[in-house]
Amino acid sequence: MSATTSSTPPAPVPPGLPACAQVDLSAISSNVSALKSRAGDAEVMAVVKADAYGHGLVPSARAALRGGATWLGVAQLPEAVELRRAGVVAPLLSWLHVPGQDFTEALELGIDLGVSTTWALDQVMAAATATGRTARVHLKVDTGLGRNGAWDDDLAALLSTLAGAQAEGSVEVVGLFSHFAYADAPQHPTVRAQQERFEGIIEQAARAGVEPQVRHLANSAATLTNPSAHYDLVRPGVSVYGLSPVPDLGAPEDFGLREAMRLVSRLSSVKDSPAGQGVSYGHVYTTAEPTKLGLVPMGYSDGVPRHATSVGPVQVGDRRYVVAGRVCMDQFVLDLGADSPALAGDEVVLFGVGAQGEPTAQDWAAAIDTINYEIVTRVGARVPRVHVGGEGAA
């Protein structure tokens, strides 16, 4: 399957809807297959947190498994539970929890749990006692990101407790993992430093009697650019959905990836405007000459960034525009030009497949000085996901 040509033709916005996010499940499967080929002997954990980066949790997870992922990962436990209740049986890790969380259902559903604090391990062990099940845990260690993860005295205490719990059978240490601070800059000195720290902790764990089955450190960027960080399991996220985690080093197609989401709307009106007409709140945009103004019924409540005002790239037909004036809660305006043939009802592509000439999530990210991750994950719940190109498609 080509990484630059979708096997699934774009679907129109369903009748009566102002907008939709079209998600090509075959692209997700193809992307995972490409990532698996990069991973060598390592297995692939497809990260489907945050509603699969806005693409739809359960259909995207199934598509990733069809593409060759053998594990799934989420940050928060409710999404892991949702996957299990939907019948997904693949190994599944949830790693970001809060005190007081009830882990009994997770153990009953066979969900692996990330632990990085003594309170978390204590509560997981309590759930193991309550259920009579052995808890499958992955120890999260901080190798330099300075975020979630154990280090120093806390790490030593956790290793000691884990060794004892494993010996008595209440806990099985399945994994040991960490996360990069600069994986999108492969030559940054912290990358090698974190790997060395990770390998040192693996040795420290072994001395304490903790030898995990899988070691995992590589996110999307490291999966694509740093084979030395692959270990037993890679943990790609944004690349599963066809977005480049290292846009300075290559577009999606350069890595064999294809964008899975097209965010599309329709023009709800097209009207003639004189020169000198202020457009939208605050009149931060004014027409320079007689023109046509097209109204797009999407706004920041749908995930269109308000700070895309006057810079967000949009395509109507074969013409590219930028947002004219302020993005509002439910709508924004395009200056279509006096000669535009556009009519109410015509499709508007906010972002889609770059290799097919459409604006991309990366184009939006560059326009508003953010990352492509944010562009796709912020698409609001009001925007229906229309899944095409695979099992679970509409």
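The protein is divided into domain 1, spanning 41–241, and domain 2, spanning 261–388. The model is predicted. Between the C-alpha centres of domain 1 and domain 2 the distance is 38 Å.

The interface comes next. On the side of domain 1, 6 residues are in contact with 7 residues of domain 2. Together the two domains bury about 670 Å² between them, and 66% of this area is on carbon and sulfur atoms. Of the area that domain 1 buries against domain 2, 60% is supplied by Tyr53, His55 and Val238, more than any other three residues. The side of domain 1 that touches domain 2 has 3 nonpolar and 3 polar residues, and no charged residues. Between domain 1 and domain 2 there are 0 salt bridges, while 2 residue pairs are in polar contact, with both residues at pLDDT 80 or more.

Serine 244 is found in the loop between β9 (233–234) and β10 (261–266). Is serine 244 buried or exposed? Its relative accessibility is 4%, and the cut-off for buried is under 20%, so serine 244 counts as buried. The side chain of serine 244 has polar partners in the backbone. A polar atom of this side chain lies 3.2 Å from the backbone nitrogen of valine 246, and the side chain also reaches the backbone oxygen of glycine 250 at 2.8 Å. Leaving aside neighbours within four places in sequence, the residues in contact with serine 244 are Gly250, Ala251, Pro252, Phe255 and Asn372.

Helix α3 covers residues 57–66. Why is helix α3 described as largely enclosed by the rest of the structure? The reason is that 7 of its 10 residues are buried. These buried residues of α3 are Leu57, Val58, Pro59, Ser60, Ala61, Ala63 and Ala64. Their packing partners include three helices, α1 (25–39), α2 (49–53) and α4 (77–85). The buried residues of α3 also pack against the strands β2 (43–47), β3 (71–74) and β19 (385–388). Just after α3, glycine 68 takes a positive phi of about 120°.

Technical notes
Residues are numbered from 1 along each chain as its sequence is written. This is a predicted model: local features need pLDDT of at least 70, side-chain atom pairs count only at pLDDT 80 or more; totals for chains, interfaces and linings use all residues. Side-chain values use heavy atoms; hydrogens and water are left out. Domain bounds come from an automatic or database domain assignment. Contact means heavy atoms within 4.5 Å. Buried area is the accessible area (1.4 Å probe) that two parts lose on being put together, summed over both. A salt bridge is a side-chain nitrogen of Lys or Arg within 4 Å of a carboxyl oxygen of Asp or Glu. A polar contact is a pair of N or O atoms within 3.5 Å; within protein, one must be able to donate a hydrogen and the other to accept it, and residues adjacent in sequence count only if both atoms are side-chain atoms. Ala, Val, Leu, Ile, Met, Phe, Trp, Tyr, Cys and Pro count as nonpolar, Asp, Glu, Lys and Arg as charged, and the others, Gly among them, as polar. Helices (H or I, at least four residues) and strands (E, at least two) are DSSP runs, numbered from the N terminus. Buried means under 20% relative accessible area, exposed over 50%, partly exposed in between (1.4 Å probe, protein chains only).
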